[in-house]
Amino acid sequence: MDYYQHGYNDVLRLQPGFDPPADHGHESIMTIRILPSIVAAGIAAGEVVERPASVVKELVENALDAGASRVTIELLQGGMERISVTDNGCGIPYGEVETAFARHATSKLASLDDLDRITTMGFRGEALPSIAAAAHVSLVTRVTPGDAATSIEITKGVAGPVATASGAPGTTIVVDDLFANIPARRKFLRSVGAETGRVRQVVERLALGFPEVQCTLTSGDKQLFQSQGNGSLRDVWSALHGSESAVQMLEAHPAQVAVYSVRGLISPASFSKANRSGIDLYVNRRWVQHRALTVAIEEAYRGFLVEGRFPLAALFLEVSPDALDVNVHPTKREVRFVYEGDAFSSVQRAVREALLAASPLIEAASLGPSYAGGSLAAVAPSFQFSAAADTLPVLPGPDSTSEEAGPSASETTVAGLRVLGQLANTYIVAEGPGGMYLIDQHAAHEQVLFDRLLLQWEKQLPEIQALLDPIPVEISPSQEEYIVEVLPTLEQLGWQLESFGARTLLVRAIPSISAQVSIPDLLEELLAPRRDPTLAETATHYAMAASIACHGSVRAGQMLGLSQMKALVESLERARNSHHCPHGRPTTIRVSTRMLEREFRRT
Ligand code: ADP
Ligand code: MG
């Protein structure tokens with residue numbers, strides 16, 4: 001029986017008056033002809049079945065849709081010789097075994113409206129026929145413990161008889177000699193190792209998405225991976241990346257923006273990669289690639305990771321199926337959001353809040369993060385902004401500040417750190433919980449100002465300094481173009497700029513923290529078009545805020561008075577993400593008393 005005769009051939013055959021096109025006898029013009037069904041099926045199969053990993057993905061997704069709690073995947077020769085997937089799911093009833101292999105046959109969708117309510121991994125009814133067109137397939141399935149099992153074999157797209165067999169409840173599908181009959185596709189397969197690696201990646205992603213399902217992957221007689229299936233995402237992470245990594249991963253802050261909610265695991269700042277391959281994103285449990293959401297994650301790490309480093313994450317976005325289009329891509333690798341901005345914000349917030357809450361202090365002893373108590377975060381009263389934080393001086397002028405410069409500040413701040421002095425005109429030396437603290441004065445001030453700018457932005461209340469004498473600044477043609485794009489962002493940061501004839505800007509107001517800086521120099525930096533034009537507006541905003549903060553802060557090598565240093569340390573204790581500057585460098589290093597005792601051999 002040929003299952004592919006119900007393809008588009010039938011549609012054409014139904015049209016009245018349709019005749020096969022005549023051959024005009026030109027050698028160079030190819031005759032249009034209707035492809036034999038097996039060829040058509042082979043072409044369609046290419047969309048879904050590209051290599052062993054895509055077969056495994058489809059079969060495991062079917063097992064998950066069938067409600068399995070255990071899925072075992074076995075490979076021979078990277079899946080090129082054999083892929084076998086066994087599940088303990090609901091099985092396929094005897095009467096439906098043949099239909100399952102027909103094109104567009106699915107139990108998961110009945111009407112067009114159902115496309116808006118997809119909750120299963122599959123719904124297109126393409127996988128089984130596509131796989132059967134590309135390999136030798138045999139299936140054994142059993143619905144309930146009482147019933148007998150059913151088996152069927154499909155060779156070159158032609159099904160053999162449905163027979164009674166023996167087998168446990170659930171389904172086993174064995175796919176042999178993938179692409180044996182499609183040499184063009186076989187050519188694109190790589191080494192056994194490479195194909196095995198791809199399968200592994202697919203299974204790992206699925207396992208992360210379904211922690212309650214025990215997934216086992218073997219290659220020959222070697223077990224490559226097994227998840228526990230106990231429902232714990234962290235345990236799956238541990239099975240994939242080792243227990244040390246699993247212990248360090250942070251719980252994403254449960255964030256909800258409009259219809260989107262987020263949960264998952266993210267890496268701490270101490271833990272990163274040189275590329276984006278450690279970022280796994282799921283939408284309604286489906287692993288997807290999504291440029292904007294990846295940017296949202298990277299953005300959230302701004303200031304925590306230095307440029308060129310990327311986090312690890314397994315993040316899950318949940319949204320009601322009607323605010324989502326999953327039918328964008330044949331293998332469903334991409335999705336579209338009805339409200340993309342909200343999806344972006346929910347992801348960014350979930351990651352950012354988790355990082356801020358865990359912001360580690362760098363320890364001199366290990367030069368690694370400290371998760372123990374006694375960090376700055378632990379002694380600061382809270383990370384919330386008090387009214388005092390809003391009115392903190394940028395930084396008092398040379399010793400002009402008396403001790404009561406921040407009287408309200410001292411009331412709201414636990415005196416966590418006692419400033420002792422300045423080292424090399426660059427570092428503030430302080431005593432605090434558990435040891436000595438060295439604070440990089442530039443990085444610290446930068447972070448204080450950066451955080452203040454972000455806070456003003458969140459409240460939409462920029463602190464502005466109006467200029468009595470507006471400053472004219474010359475700009476280049478490219479800057480003139482760029483400024484149109486970023487003017488709203490600049491205004492939100494406190495700038496008031498006017499065009500003043502050709503290639504000249506008139507600066508009427510500046511962010512108040514830029515009062516002491518060279519405005520033309522700062523504008524030159526702000527108006528250098530950003531490298532990545534796909535970056536969201538928030539990214540531009542963060543980058544600009546970082547530049548303004550950098551220009552406005554004290555330099556290394558600048559001598560500071562005691563009261564200036566105290567004011568700075570107090571502001572730092574209250575800033576969010578106080579342990580890192582906007583560029584990801586640490587602001588503070590602790591030399592622990594324990595380390596001193598050890599070094600001085602007191603213990
Ligand atoms: P889809 O998953 O898009 O529905 P498939 O071609 O992957 O299409 O599968 C066709 C149908 O076969 C499914 O809708 C389901 O009813 C049935 N099926 C496939 N695999 C399994 C399985 N492992 N357990 C139970 N039913 C299955
Ligand atoms: Mg399927």
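**Salt bridges, strands and surface**

Q: What makes the contact between R263 and E318 a salt bridge?
A: The closest N and O atoms of R263 and E318 are 3.9 Å apart, and a salt bridge requires a side-chain nitrogen of Lys or Arg within 4 Å of a carboxyl oxygen of Asp or Glu, so the pair qualifies. This is a predicted model, in which local features need pLDDT of at least 70 and side-chain atom pairs count only at pLDDT 80 or more, while totals for chains, interfaces and linings use all residues. Residues are numbered from 1 along each chain as its sequence is written, chains are lettered from A and ligands numbered from 1 in the order in which they are written, and side-chain values use heavy atoms, with hydrogens and water left out.

Q: Why can R263 and E318 be said to tie together parts that are apart in sequence?
A: R263 belongs to strand β12 (residues 260-266) and E318 to strand β15 (residues 313-318), so the pair ties together parts that are 55 residues apart in sequence. Helices (H or I, at least four residues) and strands (E, at least two) are DSSP runs, numbered from the N terminus.

Q: How do you know whether R263 and E318 are buried, partly exposed or exposed?
A: Buried means under 20% relative accessible area, exposed means over 50%, and partly exposed is in between (1.4 Å probe, protein chains only). R263 has 39% and E318 has 27%, so R263 is partly exposed and E318 is partly exposed too.

Q: Why is E61 called buried, and what does E61 pair with?
A: The relative accessibility of E61 is 3%, so E61 counts as buried. E61 forms a salt bridge with K57, with closest N and O atoms 3.2 Å apart; being 4 residues apart in helix α3 (residues 52-65), the two are separated by about one helical turn.

Q: How many salt bridges does the structure hold, and which residues are linked in a network of them?
A: The structure holds 19 salt bridges, and D451, E458 and R576 are linked in a network.

Q: What makes β3 and β4 a pair?
A: Two strands pair if DSSP finds at least two bridges between them, and 5 bridges join β3 (residues 136-142) to β4 (residues 149-155), which run antiparallel; L139 stands opposite I152 in β4. The two strands form a hairpin with 6 residues between them. With β7 (residues 170-176), β3 pairs in the antiparallel sense over 7 bridges, and S138 stands opposite V174 there.

Q: Why are β23 and β24 said to stand at the edges of their sheet?
A: This open sheet of 3 strands has the order β23-β25-β24, with antiparallel pairing. β23 (464-474) and β24 (496-499) each have a single partner strand, so one side of each is left without a neighbour in the sheet. β23 pairs with β25 (residues 504-511) over 7 bridges, where A509 is the bridge partner of A466.
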